[in-house]
Amino acid sequence: MRTTRGAICWEPGAGKGWPVEDVELGDPRPDEVVVKLAASGLCHSDDHIDSGVYVGLDPMLGGHEGAGVVEEVGSAVTGLAPGDHVVLAFIPSCGRCFSCVSGRTHLCDLGAHLFGGVALSDRTHRVTARGRGIGTMCLLGTFAPYAVVNEANVVKIREDVPLEKAALVGCGVTTGWGSAFHTAGTEPGDTVVVVGAGGIGMNAVQGARYAGARDIVAVDTVEFKRDRAKVFGATHTAASVAEAFELVRDLTRGTMAQRVVLTTSTADGALIEPCLQLAGKRGVLVVTAIAPGDQLKVDLDLFTLTCYEKQIRGGLFGSANPRIDIPRLLDLYAEGELKLDELVTATYTLDEINQGYRDMLDGRNVRGLIRYADQ
């Protein structure tokens with residue numbers, strides 16, 4: 001048992017933020033490891049717990065974007081040892097289910113347990129606070145300087161990449177980059193529109209650039225984010241979908257975009273048709289943004305969808321394979337092909353987590369990062 005401090009959402013959906021207090025972490029089971037974290041990203045998905053986008057959750061230790069050093073391994077763990085540098089992938093991969101053996105590890109059956117709050121090993125809590133078991137966001141709980149996690153969530157990485165930057169590929173970078181590169185299938189010469197230039201969208205811009213897109217239009221209501229998008233590869237920007245429509249029509253001589261990626265803070269059914277209008281014939285719309293649990297209605301021109309053979313695709317974790325794409329992206333960073341340093345607008349201590357989320361919601365951050373002081 002280890003005592004540390006963590007940020008817990010005690011009343012999911014109440015909008016009361018993340019109080020930081022003492023927590024106890026249980027010892028690792030045979031297939032688990034203890035990781036001492038260097039940093040945790042402040043992802044919008046954790047705010048969805050506090051704001052109520054995710055429904056029906058119990059109190060939860062937040063955080064699902066982190067990297068650190070393995071301190072202890074369970075007796076059945078293979079391939080990991082104390083001292084290894086690792087990224088925690090919020091999508092576990094068992095390697096045995098239909099999705100995993102079909103090469104779609106981001107859809108592993110273990111993903112059904114992401115919001116259950118209990119460990120994969122035995123369905124019990126690894127975190128205790130105020131005398132009761134507490135769930136962990138996406139089986140991780142990186143809003144504490146230590147994490148006890150299943151080896152299915154741990155990816156070993158090269159040791160020459162700063163861990164605080166490596167933390168970013170645990171969710172945001174891989175999700176955004178893969179949404180444009182993998183899910184959308186961007187090809188050289190394409191016109192790509194990214195709607196929402198936050199921590200996910202900025203990396204969709206990077207993925208589109210790496211795939212060889214000719215025109216990359218970043219759409220965001222916040223001028224600061226539009227300006228930053230140019231650093232990551234955007235060739236044009238727009239303040240609204242309506243403004244983007246006129247721009248894309250001019251850029252493509254009326255044929256419109258081949259790929260559109262929706263990466264707003266939350267998905268809204270009313271956004272789907274306007275975003276799909278940005279796509280031309282056989283154009284692809286990738287919906288990466290998460291919608292509220294009760295969002296069941298979508299505005300959609302079904303006639304044009306059929307006659308123009310447009311496609312709408314859901315995108316989870318950028319359709320990426322954690323054990324392949326996380327190391328690959330860090331290789332690209334080391335080679336100067338992927339921007340990670342530029343993503344971090346501000347760093348915070350764990351006690352400053354609520355300020356970090358205020359800055360995110362106010363549009364001041366591309367990505368905020370909690371840095372643990374002793375790393």
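How many cavities of 30 Å³ or more does a search of the whole structure find? In this predicted model, the search returns one cavity that reaches that volume. The space in the largest cavity amounts to about 150 Å³, and 20 residues form its lining, with Ala119, Arg126, Thr136, Leu139 and Val148 lying nearest the centre. By residue class, the lining of the largest cavity comprises 12 nonpolar, six polar and two charged residues. Two strands, strand 8 (132–136) and strand 9 (146–150), each contribute at least two residues to this lining, and strand 9 gives the most, supplying four residues.

Helix 1, which spans residues 44–51, and helix 11, which spans residues 353–361, have axes that come within 11 Å and cross at roughly 100 degrees. Because crossing angles of 65 to 115 degrees count as roughly perpendicular, helix 1 is described as roughly perpendicular to helix 11. The contact brings together His44, Asp46 and Asp47 of helix 1 with Tyr357, Met360 and Leu361 of helix 11. Taken by class, the residues of this contact between helix 1 and helix 11 consist of three nonpolar, one polar and two charged.

Note on methods: Residues numbered from 1 in each chain as written. Predicted model: local features only at pLDDT ≥ 70, side-chain atom pairs only at ≥ 80, totals over all residues. Heavy atoms only, no water. Axes fitted to C-alpha atoms, helices over the stretch in contact; angles between N-to-C directions. Parallel < 35°, antiparallel > 145°, perpendicular 65-115°, else oblique. Contact = heavy atoms within 4.5 Å. Nonpolar A, V, L, I, M, F, W, Y, C, P; charged D, E, K, R; others polar. 1 Å grid on protein atoms, 1.4 Å probe; cavity = no way out; pocket = protein on both sides within 12 Å on 5 of 7 lines; lining within 4 Å. Points joined across faces, edges and corners; volume = space filled by probe spheres on them.
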